[in-house]
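Below are some notes for a colleague who will be looking at the coordinates alongside the text. Please read them with the model open, point by point.

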Amino acid sequence: MEMIATLRSDAAKLLTEGRAKLVIGYQARGTRRVPAFVSDPAKAGVLVYDDQCKQNLAVYLRKPEVRVKGPVAIIAPPAVMRSLMVLASETQLAEATVLAVGKDVYHGVLDLAGVAALLKEKYADLAPPKELFDALAKLNAMSPDERARFWTDQFAKCTRCYACRAACPGCYCLRCIVERNVPQWVSSAAAQHGNYEWHVIRAFHQAGRCTLCGAC
Amino acid sequence: MAHTETKTTETAAAGFQPRIVAFVCNWCTYAGADLAGTSRMQYPPNVRIVKLPCTGRIDPLFILKAFEGGADAVLVSGCHPGDCHYTSGNYHARRRWSIFRRLLDLTGIDERRLFFSWVSAAEGAKFADLIRDVTAKVAAIGSFEPANPARRRPWK
């Protein structure tokens, strides 16, 4: 609990000192954790951080409606920190004020260089979940036809709500490929073929950039 | 892009003729194909050539579109490394292709349907050989599964 108290007081301090005009973090709503946008130091008390904070907050840093309220400080667990590194390397983010958190630990207020050092030092060995590799091994053992059937079943669930795109800090194109309709590159119907194209192209666009944060 | 039907009757046994879409660059492979033609070299007519300024212009979506519209295989060919008319376009293409090929394979498009090659403007014979080779390989594995999600099917 001490960790949360320090986090809240640091957030309030940033706002009072004017180093940030907006702090993006998590707050509790019922049993869920939803994003919190705090601009009043007195309201820093709503901020929380625990295991249930799954959303990748780095997604908000590219949004114009958030940027105009800046400078922004962001509460970042390791997954979000890695997204910040990706955005910085793609020159989408020049600087950041980061309240770095980890599992039951608060690392303090850092800038981008500090985040890079912290990731290297403490979170370099963070590997994707083992189930992911198991699933991949299973897929690799299949024949092409079995793979096609597997993905057909997977894509059948997709309703093309584009929540995956909205949740992803890597998906920041102002005009996404699915919205380019002259010609209609990717069918926007939530049917087998369009879903296939959409997920393949999204996966391709994320190749080498995905931080496996799991937000999507 | 108007292909809404896929032929399901074709089999390897019944004189299957593969449809191969070749994305080639203007400066090397297209000139190589031209040389093969002007030199009266014979190669199978199964290849449909799409000329682009550079292999770096090839969006992975082009390849998806080719499979969607009925291609049995896709060939991408451009200038040799170091010879790109635009300095580095073929390097971009190579990086994209190596990832995209793996991705397509993972989603159920057999890697044997995806070809990459370098053919220079002086290599008419190599182009003819390449097309013969690709056509034979695709003919051996048969037509692309019409039920594959990469194929577009009529709206139901």
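**Notes on strands, domains and the chain interface**

1. A:Val23 stands opposite A:Val38 in E2(A), and this pair belongs to the antiparallel pairing of E1(A) with strand E2 (residues 32-38) of chain A, which extends over seven bridges. Strands here are DSSP runs of E with at least two residues, helices are runs of H or I with at least four residues, and both are numbered from the N terminus; two strands pair if DSSP finds at least two bridges between them.

2. As to provenance, this is a predicted model, in which local features need pLDDT of at least 70 and side-chain atom pairs count only at pLDDT 80 or more, whereas totals for chains, interfaces and linings use all residues. Residues are numbered from 1 along each chain as its sequence is written, while chains are lettered from A and ligands numbered from 1 in the order in which they are written.

3. E1(A) and E2(A) form a hairpin with two residues between them, and A:Gly30 in the turn has a positive phi of about 60°. Strand E1 (residues 22-29) of chain A also runs parallel to strand E4 (residues 72-76) of chain A, joined by three bridges, with A:Val72 in E4(A) as the bridge partner of A:Leu22. Two further bridges link E1(A) to strand E3 (residues 47-48) of chain A in the antiparallel sense, where A:Tyr26 stands opposite A:Val48.

4. Chain B has an open sheet of four strands in the order E2-E1-E3-E4, with parallel pairing. Its edge strands, each pairing on one side only, are strand E2 (47-52) and strand E4 (114-118) of chain B. Strand E3 (residues 73-78) of chain B pairs with E4(B) over five bridges, and B:Val74 has B:Leu114 in E4(B) as its bridge partner.

5. The domain assignment of chain A, automatic or taken from a database, gives domain 1 (2-122) and domain 2 (130-206). Their contact takes nine residues from domain 1 of chain A and five residues from domain 2 of chain A, a contact being two residues whose C-beta atoms, placed from the backbone, lie within 7 Å. The centres of the two domains, taken over C-alpha atoms, are separated by 29 Å.

6. Between the chains, 19 residues of chain A are in contact with 20 residues of chain B. On the side of chain A that touches chain B, the elements giving two or more residues are helix H6 (144-156) and helix H8 (192-206) of chain A, and H8(A) gives the most, with eight residues.
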